[in-house]
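Here are my notes on the model, as promised. Have the structure open next to you while you read.

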Amino acid sequence: MEKRLLTLAAVLFAMVAVVPEEVSAKRWLVGKMGWTTQVNYTLWAQDLHFYNGDWLFFVYDRNQMNVLEVNKTDYESCNADHPLKNWTRGAGRDVVPLNVTRDYYFVSGRGFCFGGMKLALRVENLPPPVQNASPVIKTTDHAPSTILCRRPGVRPAVFAIGALWDCIIGLVFD
Ligand SMILES: *[C@@H]1O[C@H](CO)[C@@H](O)[C@H](O)[C@H]1NC(C)=O
Ligand SMILES: *[C@@H]1O[C@H](CO)[C@@H](O)[C@H](O)[C@H]1NC(C)=O
Ligand SMILES: *[C@@H]1O[C@H](CO)[C@@H](O)[C@H](O)[C@H]1NC(C)=O
Ligand SMILES: *[C@@H]1O[C@H](CO)[C@@H](O)[C@H](O)[C@H]1NC(C)=O
């Protein structure tokens, strides 16, 4: 029984260790109160890390504001006359993929940029996986599934979540 609990712990730990890579893409709701006036978006963004593959989610009053991507010069001067890209879709809820590792600049047109509706951020590459993740993942290859979890009717599993799940269910309900 103790062996099984240890195995269960190992399997769960291995699964947790594998997960971050899949859920790392993040959708950022821009600003604590959305995309609006009276917010300093420099302060909002300064301690955050944006990674390639993340999204920005702008939520705002569609009758007033919009979402325009501009270059650095136009960001600094609040010039909305020639945006690089107009992300405004009309519902006041726009999703912007951050799929290039570079600096991004956004403003709202119609004068709102001058009131602070301007956002600059740097998109970074995902950091490499944590050092101690690989040994943990390796143990999944051999230990739990093929050796300790071999039961009649359960084929030796090869690193498949489905098989791991069978294994866990087997361990818990045996
Ligand atoms: C927003 O905060 C930054 C960082 O503290 C500051 O440099 C900037 O002047 C602020 N902007 C406004 C419009 O207050
Ligand atoms: C931004 O675009 C404007 C107008 O097209 C241009 O004059 C300016 O040099 C550009 N700035 C940068 C940093 O590319
Ligand atoms: C941006 O696109 C929206 C929707 O297509 C359009 O209504 C709006 O006029 C455009 N704004 C600018 C500044 O190009
Ligand atoms: C990034 O996303 C935009 C908008 O969906 C798309 O047009 C562009 O091709 C993408 N770029 C890359 C490098 O994937």
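1. Some bookkeeping before the sheet. Two strands pair if DSSP finds at least two bridges between them. Helices (H or I, at least four residues) and strands (E, at least two) are DSSP runs, numbered from the N terminus. With that in hand, β7 and β8 pair in the antiparallel sense over five bridges.

2. A word on what you're looking at. This is a predicted model, in which local features need pLDDT of at least 70 and side-chain atom pairs count only at pLDDT 80 or more, while totals for chains, interfaces and linings use all residues. Residues are numbered from 1 along each chain as its sequence is written, chains are lettered from A and ligands numbered from 1 in the order in which they are written, and side-chain values use heavy atoms, with hydrogens and water left out.

3. The overall layout. The protein chain has six helices and eight strands, and from the N terminus on they come in the order α-α-β-α-β-β-β-α-β-β-β-β-α-α. Of its 174 residues, 35% count as buried, where buried means under 20% relative accessible area, exposed over 50% and partly exposed in between (1.4 Å probe, protein chains only). Contact means heavy atoms within 4.5 Å; among contacts between residues at least 6 apart in sequence, 67% join residues at least 24 apart.

4. The surface. The protein chain exposes about 10,900 Å², and carbon and sulfur atoms supply 58% of that. Accessible areas come from the Shrake-Rupley method with a 1.4 Å probe; for residues, only the protein chains shown count as cover.

5. Now the sheet itself. Five strands form an open sheet in the order β2-β8-β7-β4-β5, with mixed pairing. β2 (50-51) and β5 (85-86) stand at the edges with a single partner strand each, so one side of each is left without a neighbour in the sheet.

6. Going through the pairings, β2 and β8 run parallel and are joined by two bridges, with Tyr 51 opposite Glu 124 in β8. Strand β4 (residues 68-69) is antiparallel to strand β7 (residues 103-107), again through two bridges. Val 107 is a handy landmark here: it stands opposite Leu 68 and also opposite Lys 118 in β8.

7. Which residues does Leu 119 touch? Setting aside residues up to four places away in sequence, the list is Val 30, Trp 35, Tyr 41, Trp 44, Ala 45, Leu 56, Phe 58, Tyr 75, Tyr 104, Tyr 105 and Phe 106. Leu 119 lies in strand β8 (residues 118-124) and counts as buried because its relative accessibility is 0%.

8. Trp 44 deserves a look from the other side. This residue is in helix α3 and is buried, with a relative accessible area of 15%. Apart from neighbours within four places in sequence, Trp 44 is in contact with Trp 28, Leu 29, Val 30, Gly 31, Lys 32, Phe 50 and Leu 119. Trp 44 and Leu 119 are 75 residues apart in sequence, yet 9.0 Å apart in space, C-alpha to C-alpha. For Trp 44 and Val 30, the C-alpha separation is 8.3 Å and the sequence gap is 14 residues.

9. On to ligand 2. Asn 71, Thr 73, Asp 74 and His 82 surround it, counting a residue as near if one of its heavy atoms lies within 4 Å. An oxygen atom of ligand 2 is 2.4 Å from an N or O atom in the side chain of Asn 71, and a nitrogen atom of ligand 2 is 2.7 Å from an N or O atom in the side chain of Thr 73. The protein covers 37% of the 360 Å² of accessible area that ligand 2 has on its own.

10. Ligand 3 has Leu 68, Asn 86 and Thr 88 around it. A polar side-chain atom of Asn 86 lies 2.2 Å from an oxygen atom of ligand 3. Here the protein covers 40% of the 360 Å² of accessible area that ligand 3 has on its own.

11. Last, two backbone angles to check. Most residues other than glycine have a negative phi. Gln 38 has a positive phi near 65 degrees; it is in the loop between β1 (27-29) and α3 (41-46) and is exposed, with a relative accessible area of 77%. Arg 110 has a positive phi of about 55 degrees, lies in the loop between β7 and β8, and counts as exposed at 56% relative accessibility.

Key:
A polar contact is a pair of N or O atoms within 3.5 Å; within protein, one must be able to donate a hydrogen and the other to accept it, and residues adjacent in sequence count only if both atoms are side-chain atoms.
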